[in-house]
Amino acid sequence: MPDIQLVDVNKRICQGLCLTIHDKEIFVIVGTTGAGKTTLLNVIAGVTDYEGRVMIDGRSVDRLPPRRRGVGYLFQGLALFPHLSVSENIAFGLQVNGVDKVVAEKRISSLIEMMRIEHLQDRYPHELSGGEKKRVALARSLAPSPQILLLDEPTSSLDHQTAKYLRNELIHVLRTLGITTLYVTHDLREAEEIADRIAFMSDGRVEQVSTPRDFFFHPQSECVSEFVGMPNVLECTQSRILTSGLVEVVSGDIKMVLPYGGNGIKRVAIPPDDVYLSDIRPPGPALNRFTGTVQEIIPLQSTVRVGVSVGKTHLFAELPASAFNEISLEEGKAVHVVIKLRRLRYVES
Amino acid sequence: MKKKTSLDAVWGIFPVLVFIAAWEIVGRFHLLPGRLLFPPFSAVIEEFYHLTANGVLGKNFLSSLVRVLIGLLSGSAAGIFVGVLMGWRNVAHKALNPIISLLYPIPALGWLPLLMLWIGINEMLPITIIFICSFFPVVYNTITGIKNVDRRYIQAAETLGASNMRILFKIVIPLALPNIFTGLRLEAGMSWRVLIAAEMVAIPTGIGALLIQAESLVRVDIIIVCLIVLSVMCLSFEKLFALAERKMVGKWSSHA
């Protein structure tokens, strides 16, 4: 699978864009709406005109039409052909490339199996759910065995469970195929889960390219910090290995046990939406559970941000508005705090 | 969707039966002045039988049908071809649109005097009129259909490896079919209306000619027979294209 280089690309909001995506890399582009993420994918796919140079595997593709670039593209709107059934949609890329019928049928069957859409083969796009459509569109874009895969917000507009399920399937498929992938999302959590490297785009510029961990701990500009969303960063005064894979850290009045395979932890970052709040004592062992006091309640668009003090340590929790309404929280009132471990980030000492 | 019941069918046909009954009563009991000018329904049906039995209706109907079929099919085919060309290639649109825009507003029958001089009074005259009548609306509906195909489908097909011709024939034209069929459906009925007018004015055979002969003989019953045939044919042609549309695009078109 090839690498991709963009040199001084200009198109609409994107000006002087330079970027290198390595061979077999899952490269995630995050950024706010209108940052130029989709434009970037369109430039690589060649479905729009542009200035500058795009090189795939060291060769300039600027003069190549989209069909000669070897790029699979999952469009944000999916663009499943409404007049073709699921299997016809998937077969399209093979038919137009003159793939032998027997070979094509095998390929279609294997993709249908891989995407678990056997039961949908004869349906038309309007008869599919959002998640099913995404899987069909993904199978279609993979059918001609592209060298590069461009995915434009593949899990957007899906409910949380379906998005999570599809994301896991995607990770599995992409790792199995070892295909160079550009993955656009505005969901930072999704980016961290899937990316080898993350690029942050704002106003047509690439502000930062880094590993997910560096992206989180070392934002290189104010807009990246803002996008990351100010996590709770706790400086650890003590770090002690309990047993293989478990470390106990102390930060102020908070003592936590974390799953960690290294030697010691200097700093822990906890995303606000991984801080769980409850007005009643949650069941289970008292590990990583604290009692704090609500300091401030800040309603946001669809979530509520709650400032909580645990001793002298201040934490922010962010919970969906619906979840907030189910518990009774008031400023100055005691609250139970549970820190979820799954998505913590660490800086080693 | 609510299933059609036999009661619905009765309600559909009931007003027609009432209309026929009223017609029969008014005609039979001379409720309108001029007995000969308002024959009862039964007299019209009797005349329909005579005209069919002696072959007059069949011969004229066949003449009209052949003209409509040739004119409509060739006009529609040419309209689709030019419409696809203009919708798909901007240069063709720029070159042809000014000419077509100028010719389109001329009513099909407006061409009649010119065509009578150019072509003469022969079979080609009504066929050409129907050709013109169906060509322009089909051109415009096809252009609209082609241009309205979402650009994303074309881009998706491009990235999947399709050439321009494949995209046109496999994606764009099939997706433009609902619009194309709208034009065809309208023109299917319209071509009969235009034909009758042309036959009344200039052609000695066909349903239109039979109509005008009946008028000169003050045979209202024959006139009504011809009008009924005309009505049934307009409706049948429209329904035929609607059926073809349902067969070809019904599975997906309302959801595209």
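The points that follow are grouped by topic.

This is a predicted model, in which local features need pLDDT of at least 70 and side-chain atom pairs count only at pLDDT 80 or more, while totals for chains, interfaces and linings use all residues. Residues are numbered from 1 along each chain as its sequence is written, and chains are lettered from A and ligands numbered from 1 in the order in which they are written.

**Interface**
- With contact taken as C-beta atoms, placed from the backbone, within 7 Å, 18 residues of chain B touch 21 residues of chain A.
- On the chain B side, helix 7 (151–159) and helix 8 (164–201) are the elements that give two or more residues, where helices are DSSP runs of H or I with at least four residues and strands are runs of E with at least two, numbered from the N terminus.
- Helix 7 of chain B supplies the largest share of that side, 6 residues.

**Sheet in chain A**
- An open sheet of 4 strands has the order 2-1-4-5 with antiparallel pairing, a pair requiring at least two DSSP bridges.
- Strand 2 (14–21) and strand 5 (59–60) of chain A each have a single partner strand, so one side of each lacks a neighbour in the sheet.
- Strand 1 (4–11) and strand 4 (51–56) of chain A pair in the antiparallel sense over 5 bridges, and A:Gln5 has A:Met55 of strand 4 as its bridge partner.

**Domains of chain A**
- The assignment, automatic or from a database, gives domain 1 (4–228) and domain 2 (234–348).
- The C-alpha centres of domain 1 and domain 2 of chain A lie 35 Å apart.

Key
Two residues are in contact if their C-beta atoms, placed from the backbone, lie within 7 Å.
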